[in-house]
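Hi,

Here is the structure I said I would pass on. Have a look at it first, and then read my notes below.

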Amino acid sequence: MSLLSVTFHSTADIQDQWSDYLTTELHQMVENLLDVKKYILSEVESDMVSEGQNTNLLLMFSDAEKRQDFVEIELTNITEIIEKKFADQVMVFVTFLNPSKTRF
């Protein structure tokens with residue numbers, strides 16, 4: 001199992017547009033990903049973020065190779081689409097997670 005955490009930070013002034021984008025376009029893109037075994041799309045609740053909002057997409061892959069393929073191809077495409085639509089009002093942060101112990 002190989003995990004990837006993608007966090008999207010959106011500025012406060014685009015929250016309505018970002019929320020609409022999440023529930024329609026981004027969700028549909030994620031649903032159509034073939035190599036993703038499971039995913040969780042979440043709003044991040046944090047006292048540390050006072051301006052804007054963080055959204056997290058946790059993706060589960062069967063192995064590190066499928067995860068790397070996703071990062072190089074699909075994530076690049078998703079990031080480009082988001083940049084075209086929202087410019088610098090949405091930032092994308094990627095974290096590679098390599099579980100050492102799990103209980104899923």
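**What I found**

Let me start with one spot: Ala87 sits in the loop that links α2 to β4 (90-97). Keep in mind that this is a predicted model. Most residues other than glycine have a negative phi.

Now the layout. You will find 2 helices and 4 strands in the chain, and from the N terminus the order is β-α-β-β-α-β. Along the principal axes, the C-alpha atoms fill a box of roughly 40 × 30 × 20 Å. The radius of gyration is 14 Å; a compact globule of 104 residues would come in near 13 Å, so the two agree. Of the contacts between residues at least 6 apart in sequence, 75% join residues at least 24 apart.

Next, the inside. Buried residues account for 34% of the 104 in the chain. The largest nonpolar core holds 21 residues, and Phe8, Trp18, Leu59, Phe70 and Ile82 have the most contacts inside it. Which elements give two or more residues to this core? They are β1 (2-10), α1 (15-31), β3 (53-61) and α2 (64-86), with α2 giving the most, 6 residues. In soluble globular proteins, nonpolar side chains tend to be buried together.

Setting aside neighbours within four places in sequence, Trp18 is in contact with Phe8, Ser10, Thr55, Ile82, Phe86 and Val90.

The accessible surface comes to about 6,900 Å², and carbon and sulfur atoms make up 48% of that. As for charge, there are 8 positive and 18 negative side chains, and the centres of the two sets are 13 Å apart.

One of the residues to look at here is Lys37, in the loop between α1 and β2 (38-44). Lys37 has a relative accessible area of 54%, which is why it is classed as exposed. Leaving out residues up to four places away in sequence, Lys37 touches Met60, Phe61 and Ser62. Lys37 and Leu57, 20 residues apart in sequence, are 13 Å apart from C-alpha to C-alpha.

Cheers

Technical notes: Residues numbered from 1 in each chain as written. Predicted model: local features only at pLDDT ≥ 70, side-chain atom pairs only at ≥ 80, totals over all residues. Heavy atoms only, no water. Core = buried A, V, L, I, M, F, W, Y, C linked by side-chain atoms within 4.5 Å. Buried < 20%, exposed > 50% of the residue type's maximum accessible area, 1.4 Å probe, protein only. Contact = heavy atoms within 4.5 Å. Rg over C-alpha atoms; globule rule 2.2 N^0.38 Å. Areas by Shrake-Rupley, 256 points an atom, 1.4 Å probe, with all protein chains shown as cover. Lys, Arg positive; Asp, Glu negative; His and termini not counted. Charge placed at Lys NZ, Arg CZ, Asp CG, Glu CD.
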